[in-house]
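These are my notebook entries on one structure, set down in the order in which I looked things up. The sequence and the model come first.

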Amino acid sequence: MKELCIGSNEAGQRLDKFLGKYMDQAPKSFLYKMLRKKNITLNGKKALGNEILSAGDTVKLFLSDETVSKFSRSRTQETYKPKSQGQGTKLDILYEDEHTIFINKPAGMLSQKAAPGDVSLVEHLIAYLLESGQITEEELRTFRPSVCNRLDRNTSGIVAAGKTLAALQDLSAMFRERSLRKYYLCLVKGGIKESRRIKGYLTKDRQKNTVSVQKEKAGDAALIETEYRPVSSGEGVTLLEVHLITGKTHQIRAHLAAEGHPIAGDYKYGDRAFNEKLKKEYGLSSQLLHSARLCIPRCTGALSHLSGKEITAPLPMIFQKICRDKGVM
């Protein structure tokens, strides 16, 4: 017999959903059969599966260890994959508390998996939480900490993550509702003297994983808005601070390129000759686009302690060097 105590990260969901996570290889028919036969009980009583769980509830599995193991896929190997493959990365933690963690993601790392064999920031995060004793392998069976925003693989900067369900939900809502303000720094080709708020219409080509930006709406194109101000200009380049009003795929890169100011190092939307020169001189292999600042709104609940807080991330060293050499820092 196995007894499971429901914590805050499992509360608020249906019993059958919880069981489906705990024994994620078990057919639903098996779980409902075990509930009918009282081989699975809730607070010592027969359950249907549609009950909403509360913190402190107890779920008892009158099943053999072999049966539970058979229907459960261990996530240990997946979680420790970075370490076991010798790819461990020390997280650059900008801020951390019991609910949240803000990480300075390096260029070249995925925010989340794109394919089963990928090792992303999420895997490094979970390995860190396990190693520091903030979560257990047992807890991972029903709750998985994760990131709340994504950056392109070759974009660096702030990624917010929730270590608890409440934090994940609240942070994700801030990003979704755009109440959390996001500011990026990027180095672009050409001289820009004035701040602007630009609009356009973005169309995505899912097969090619590219987007295009037009001035007028066509078809199912989505409205995008990007605000920028020049920080300083130098040798044919400008350091911009960009405020992302909407948050579409590749928005900053494609929108600035459409305005005639492609981002340095961006081979998908940028100027190849410009990029090749920087690659030859500095070994630059990723776009100089960095999520530099997050401004958290007034909030209540689990994240009330973050109200009005500003999270900042320093520029990568290669970004700083090129800016200094070009006279914009």
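Why does Glu-276 count as partly exposed? I found that Glu-276 counts as partly exposed because its relative accessibility is 34%. The cut-offs are under 20% relative accessible area for buried, over 50% for exposed and partly exposed in between, with a 1.4 Å probe and protein chains only.

I note that this is a predicted model, in which local features need pLDDT of at least 70 and side-chain atom pairs count only at pLDDT 80 or more, while totals for chains, interfaces and linings use all residues. Residues are numbered from 1 along each chain as its sequence is written, and side-chain values use heavy atoms, with hydrogens and water left out.

**Entry: salt bridges**

I searched the whole structure and recorded 15 salt bridges; the term requires a side-chain nitrogen of Lys or Arg within 4 Å of a carboxyl oxygen of Asp or Glu. Glu-276 pairs in this way with Arg-272, with the closest N and O atoms 3.7 Å apart. Both residues lie in helix H9, four residues apart, about one turn of the helix. Helices (H or I, at least four residues) and strands (E, at least two) are DSSP runs, numbered from the N terminus. Arg-272 is exposed, its relative accessible area being 54%.

I next looked up Lys-215, whose side chain meets that of Glu-259 in a salt bridge (2.9 Å, N to O). Lys-215 lies in the loop between strands S11 and S12, and Glu-259 in the loop between H8 and helix H9, so the pair ties together parts that are 44 residues apart in sequence. Lys-215 counts as exposed, at 57% relative accessibility.

I then turned to Arg-293, which forms a salt bridge with Glu-241, the closest N and O atoms being 2.9 Å apart. This pair links distant parts of the chain, since Arg-293 is in strand S14 and Glu-241 in strand S13, 52 residues apart. Both Arg-293 and Glu-241 are buried. I also found Arg-229, Glu-241, Arg-293 and Glu-310 linked in a network of salt bridges.

**Entry: a buried charge**

I located Glu-10 in the loop between strand S1 (2-5) and helix H1 (15-22). Glu-10 is buried yet has no salt bridge, and the nearest side chain of opposite charge, Lys-21, is 8.2 Å away. Here Lys and Arg count as positive and Asp and Glu as negative, with His and the chain ends not counted. A polar atom of the Glu-10 side chain lies 2.9 Å from the backbone nitrogen of Gly-7. Beyond neighbours within four places in sequence, Glu-10 is in contact (heavy atoms within 4.5 Å) with Phe-18, Leu-53, Thr-142 and Phe-143.

**Entry: nonpolar cores**

A nonpolar core is a set of buried Ala, Val, Leu, Ile, Met, Phe, Trp, Tyr and Cys residues joined through side-chain atoms within 4.5 Å. I found that the largest has 29 residues, and that those with the most contacts inside it are Cys-186, Leu-240, Val-242, Ile-252 and Leu-256. Helix H6 gives the most to this core, with six residues. Apart from it lies another core, of 21 residues, among them Leu-15, Tyr-22, Phe-30 and Leu-31.

**Entry: helix H7**

I recorded the buried residues of H7 as Ala-167, Leu-168, Leu-171, Ala-173, Met-174 and Phe-175. They pack against strands S6, S7, S8, S9 and S14. Just after H7, Arg-178 takes a positive phi of about 65 degrees.

Terms used: Polar contact = N/O pair within 3.5 Å; in protein donor to acceptor, adjacent residues only side chain to side chain.
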